[in-house]
Amino acid sequence: MNKTLVVFASRQEFNTIFPQISAVVASSMPVAVGTQYDVAVCGVGVVDFSVNLSYQLSRYHYERVFLLGICGAYCRRDIKVGDVVRVDTETLGDMGVQNSEGHFIPWREVSGEQVVYAGESPRFLPIGLATLPSVVGLTVNCCTGTQYLSLRRSGMFQADVETMEGAACFAVCKKFGVSAYQFRAVSNIATNRDPSTWKIAEALNTLKDVVLRPEYFEK
């Protein structure tokens, strides 16, 4: 077993980067990639991801977790498709209530609590990862499909990118005392939904080249 666990939410993301490893196996137990790191698939969304990551961390001891995957960048945040970013904080973006007029009120305003989750400081990373652009993520259950919602969410939470598991990863790892980092490649702009414009495979291959360099995992 290696010191670092590299986790993915979806089998699609995992298969693109590790076509030689069974995603079915990696969904049930970590798989070692040489002596560099172990890999696992934990499921899409906060529920599956939290349950499966918690299960793995309760069975195996790791010093740090890297969450890798794609994300959508919000409009007017000066982030381009293909960019690789380090997501250092995440907020729960669609947890809240709806008032009688139909307006969404975020949970922080209902409870008075800041529902923000943070990863480990980048100062502990190799320089190539520590100098990646730092962005603010928004964890959602329902992905953005309109420009209006993109601008609304990014403005309300001052978020740069949208994910579905970032907050879960940070929360679980903190509970287990494990350092957590999140790296994402931008596959699309989170605006009016048009999958024909998405660059998923290209983004994931770039993510692999940037983040999974062997020298970053030398013992």
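These questions and answers cover salt bridges and backbone angles in a predicted model.

Reader: How many salt bridges does the count come to?
Author: The rule asks for a side-chain nitrogen of Lys or Arg within 4 Å of a carboxyl oxygen of Asp or Glu. By this rule, the count comes to six.

Reader: Is lysine 80 buried or exposed?
Author: Exposed means over 50% relative accessible area. Lysine 80 has 56%. Lysine 80 itself counts as exposed.

Reader: What is the N to O distance between aspartate 94 and arginine 153?
Author: The side chains of these two residues meet in a salt bridge. Aspartate 94 is partly exposed, with a relative accessible area of 27%. The N to O distance is 3.8 Å.

Reader: How many residues apart in sequence are the parts that aspartate 94 and arginine 153 tie together?
Author: Aspartate 94 sits in the loop between strand E5 (84-92) and strand E6 (96-98). Arginine 153 belongs to helix H6 (residues 147-157). The pair therefore links parts whose separation in sequence is 59 residues.

Reader: Is arginine 153 buried or exposed?
Author: The cut-off for buried is under 20% relative accessible area. Arginine 153 has 8%. So arginine 153 is buried.

Reader: Which residues do salt bridges that share partners join into one network?
Author: Arginine 153 meets aspartate 94 at 3.8 Å. Arginine 153 also meets glutamate 162, at 3.1 Å. Glutamate 162 counts as buried, at 7% relative accessibility. The network joins Asp94, Arg153 and Glu162.

Reader: What is the phi of aspartate 78?
Author: Most residues other than glycine have a negative phi. Aspartate 78 is not a glycine, yet its phi is positive. The value is about 60°.

Reader: Where is the place of glutamine 158, a residue with a positive phi?
Author: The phi of glutamine 158 is near 55°, and this residue is not a glycine either. Its place is in the loop between H6 and strand E10 (161-163).

Note on methods: Residues numbered from 1 in each chain as written. Predicted model: local features only at pLDDT ≥ 70, side-chain atom pairs only at ≥ 80, totals over all residues. Heavy atoms only, no water. Buried < 20%, exposed > 50% of the residue type's maximum accessible area, 1.4 Å probe, protein only. Helix = DSSP H or I, 4+ residues; strand = E, 2+ residues; numbered from the N terminus.
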